[in-house]
Amino acid sequence: MSDEPAFAELVAATNYSFLRGASHPSDMVSEAIALKMAGIGIADRNTVAGVVRAYIALRNAREKAAAEKLPEIPFELVVGARLVFADGTPDIVAYPATRYGWGRLTRLLTLGNLRAQKGDCILHFSDLLEYTEDLLLIVMAQESDGALLYQLRNAAPGRVWLGATMPRQGSDRRRLARLMRLGQASGVPLIATNDALYATPAQRPLHDIVTCIREGTTITQAGRKLAGNAERHLKAPTEMARLFRDCPQAVAETKVLLDRISFRLHHLNYEYPHEPVPKGWKPQRWLQHIVTKAARKRYGTDLPDKVRKLLREEFDLIRNHQYAYYFLTVYDLVRFARDQKPPILCQGRGSAANSIVCFLLGVTSVDPVEHNLLFSRFVSEERKEPPDIDIDFEHERREEVMQHIYHRYGRHRAGIAATVIHYRPRSAVREVGKVLGLSEDITARLGSTVWGSFSSDMEEKRYTEAGLDPANPAIARLKDLVGQILKFPRHLSQHVGGFVLTQDRLDETVPIHNGAMKDRTFIEWDKDDIDALKLMKVDVLALGMLTCIRKAFDLMRDHGLGDNDLEISLSSKDKAVYEML
């Protein structure tokens, strides 16, 4: 049996604490596993935007170990948020002990997000007091915060800890002794932490860079805005035991807190909205009813064998995966658009066109029977992927559909998916170069060697093409730091139109933010996060050509061409478009 103490780092931020953390969530998880920690807690600043990336990293590590027939990884990932308050309250790290606690945390964050403009979160200590149920709290307090600890202990009895760090500033042991006295006086146990901002000491220079970007200064002028050393990294359990030898219980408390957290991200069960199903009907029965009715109208009462076979295969798969609500919700949106006066032109596209169910619901206009299309290209048992239906609407009227979604389901149950804006070569060179004190003409010359906006690498040849010597110490430093910051998240934005809809409160699954556009709200997980947690979204997209077609039809009517004449003038393939008017 190993004598190594059990330790879990429970105050760890990632680069999703935008411009504060200096390591990817996956790097924090990998390093914690390598150090043989009992677990790690990911708690970013007023957000849970990065926790799914940590969850994916641990899942991949376990799958790799299983594939290589290695022992199971004895490691736990817990997820929460570091609450930063607008009223001067010290930071408090909150972990949900249960699924209910996760809902309280995400609603608390939503409350702060919706008070603020996009990109900010305004929380007050009184807000936390209303949402403390099933939350375990680590107070990153100073020695003078005894009153806060008393108040919080009374609001959340048995669920409060006092965070203690050993930052190697010369007075660590004296400060630890004062915190021990404060904890004893207030009845709150101490818990050991590094207050980690990066995985290893090697990320310290990059942390200095992101700090300067955040503060709008250069590396030579930053002064005390930078950390005094490189101690904000993950440390091995034996090192933590050595640092906290005067208070070994603080290390032991990390495992105590870890064991009290039963919530894991895979506990987020997803349920699609029930609204599209009339009372008295089951979703599968209602879907089959309206699809079969449409099939008989199109192919005749006695359905062809090929149609029956396709319908049976699709109905079976939809039933097995419980996708009926999804198809009915998409149908509901299309029907809303076509019921408007005048109708909103819309069209489903992509692999959904391979589905006869989508075709008969009017979501797509390509007959898979006539064209021998393969449904498994859209969704199948083997692919284990949720369906993905893209619907294009007239770009000038799509907002009507989006606001209808918010109105029908409520903003607490509907939100647009996020898009994470990452550093790409041009932005990385520009911002890192500025911090390093390089002139704008040098960074502009480097940026001009990058074509397009989707490049993700800054190869050495870019520097030589710009007339710079990669061996020059200043350029070599720039190249190294740019390479590290590439693909770092810069901030959250909203997806072009991918909606996540839920039967229960969406804000009890993921926090909701205000968008930059008026009356837009979005969640803080992107497409990859949604897919990893098996949430489903429907894409409500805009297409300028549909507006063009609409205006062309209106122009033809304005010049005396009646609807009957217009329909006759269309080719058979174009009539499907006209039928949507």
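So, which residue in β13 is the bridge partner of Ala418? It's Asp526.

Quick housekeeping before I go on. This is a predicted model, where local features need pLDDT of at least 70 and side-chain atom pairs count only at pLDDT 80 or more, while totals for chains, interfaces and linings use all residues. Numbering starts from 1 along each chain as its sequence is written, and side-chain values use heavy atoms, with hydrogens and water left out.

Okay, β13. Strands here are DSSP runs of E, at least two residues, and helices are runs of H or I, at least four, numbered from the N terminus. Strands pair if DSSP finds at least two bridges between them.

β13 has a parallel pairing with β10, residues 414-422, over 2 bridges. With β12, residues 512-514, β13 runs antiparallel, joined by 3 bridges. There, His513 sits opposite Phe522. The β12–β13 hairpin has 6 residues between the strands, and Asp519 takes a positive phi near 65°.

Now the helices. α7 (204-215) and α16 (425-435) pack at about 90°, axes 9 Å apart; axes are lines fitted to C-alpha atoms over the stretch in contact, with angles from 0 to 180 degrees between N-to-C directions. So they're roughly perpendicular, which covers 65 to 115 degrees. Ile209, Cys212 and Ile213 of α7 meet Glu431, Val432 and Val435 of α16, contact being heavy atoms within 4.5 Å.

Note on methods. Angles under 35 degrees count as roughly parallel, over 145 as roughly antiparallel, 65 to 115 as roughly perpendicular and the rest as oblique.
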